[in-house]
Amino acid sequence: MSRSGPCFVYFARRADGEGPVKIGCSKYPENRLSALMAWAPYPLIIVAMTPGDEDLERRLHLKFWGQRSHREWFHPSAALDVLIAQVVDGPFDGDALPRGKRPGGHRSPASNAAASASIRLTHMR
C-alpha cells in the first residue's frame, strides 16, 4: 500500500505491556490503533512512534525477523525493548538498520509452525 504525505512507524502492544509488539506504518497511527483494537481481545496502546516510511518499517521487520510471531507482530525481547526506548528517548538511527530481503520467504519459523497447525486443524474438521 502506497502512502502519500508524512507517515509514522509505530510500535503497539497490550496496554499492560505484555505480549507481542506490532511494528506498523501509518499516516494516522491513532486511527490504525482504533482499527486494531476492534479485533483485539485486550486494550492496545502505541508505546512509541517515529516519522518514517514503509522502507523503515521493512527494515525493522527484518531486524526482528527471528522474533516474528505472525504478520507484523513480534515476540517481546530485550533487544526490541531497547529499540523502543531509543525511539522514545533517543538516539534512534534508522539508517543503521539492516537492508535486504527477509530470510526464507514470507514466514518465520514460528509462523510456519502456526500455519502447519492451522492446516492440520482445518483438515480434521
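The legends below describe several close-up views of one predicted model.

View 1. The chain has 125 residues, of which 33% count as buried. When contacts between residues at least 6 apart in sequence are considered, 62% of them join residues at least 24 apart.

View 2. Phe 64 can be followed through its own contacts: leaving aside neighbours within four places in sequence, Phe 64 is in contact with Ile 23, Phe 74, Ala 79, Leu 80 and Leu 83.

**View 3. The largest pocket and its lining.** The volume of the largest pocket is about 480 Å³. Its lining is made of 18 residues, of which His 61, Arg 68, Arg 71, Glu 72 and Arg 102 lie nearest the centre of the pocket. By class, the lining has 9 charged, 5 nonpolar and 4 polar residues. At least two lining residues come from each of helix 1 (29-37), helix 2 (54-63), strand 4 (68-70) and strand 5 (73-74), and helix 2 gives the most, with 4 residues.

View 4. Arg 71 is placed in the loop between strand 4 and strand 5, and it has a positive phi of about 45° although it is not a glycine. Because the relative accessible area of Arg 71 is 67%, this residue counts as exposed. Arg 59, by contrast, has its place in helix 2, and with a relative accessible area of 7% Arg 59 is therefore buried. Not counting residues up to four places away in sequence, Arg 59 touches Gly 94, Asp 95, Leu 97, Pro 98 and Arg 99.

**View 5. Thr 50 and its contacts with residues elsewhere in the sequence.** Thr 50 belongs to strand 3 (residues 44-52), and it is buried, with a relative accessible area of 14%. If neighbours within four places in sequence are left aside, the residues in contact with Thr 50 are Cys 7, Phe 8, Val 9, Leu 56, Val 87 and Phe 92. For Thr 50 and Cys 7, the separation is 43 residues in sequence and 8.6 Å in space, taken from C-alpha to C-alpha.

**View 6. The cis peptide bond at Pro 91.** The peptide bond that runs from Gly 90 to Pro 91 is cis, and its omega is near -10°. Pro 91 itself is found in the loop between helix 3 and helix 4 (109-124).

Methods: Residues are numbered from 1 along each chain as its sequence is written. This is a predicted model: local features need pLDDT of at least 70, side-chain atom pairs count only at pLDDT 80 or more; totals for chains, interfaces and linings use all residues. Side-chain values use heavy atoms; hydrogens and water are left out. On a 1 Å grid over the protein atoms alone, a cavity is a set of points where a 1.4 Å probe fits but cannot get out, and a pocket is an open set with protein on both sides within 12 Å along at least five of seven lines; lining residues have an atom within 4 Å of a point. Grid points are joined across faces, edges and corners, and a volume is the space filled by probe spheres set on the points. Ala, Val, Leu, Ile, Met, Phe, Trp, Tyr, Cys and Pro count as nonpolar, Asp, Glu, Lys and Arg as charged, and the others, Gly among them, as polar. Contact means heavy atoms within 4.5 Å. Buried means under 20% relative accessible area, exposed over 50%, partly exposed in between (1.4 Å probe, protein chains only).
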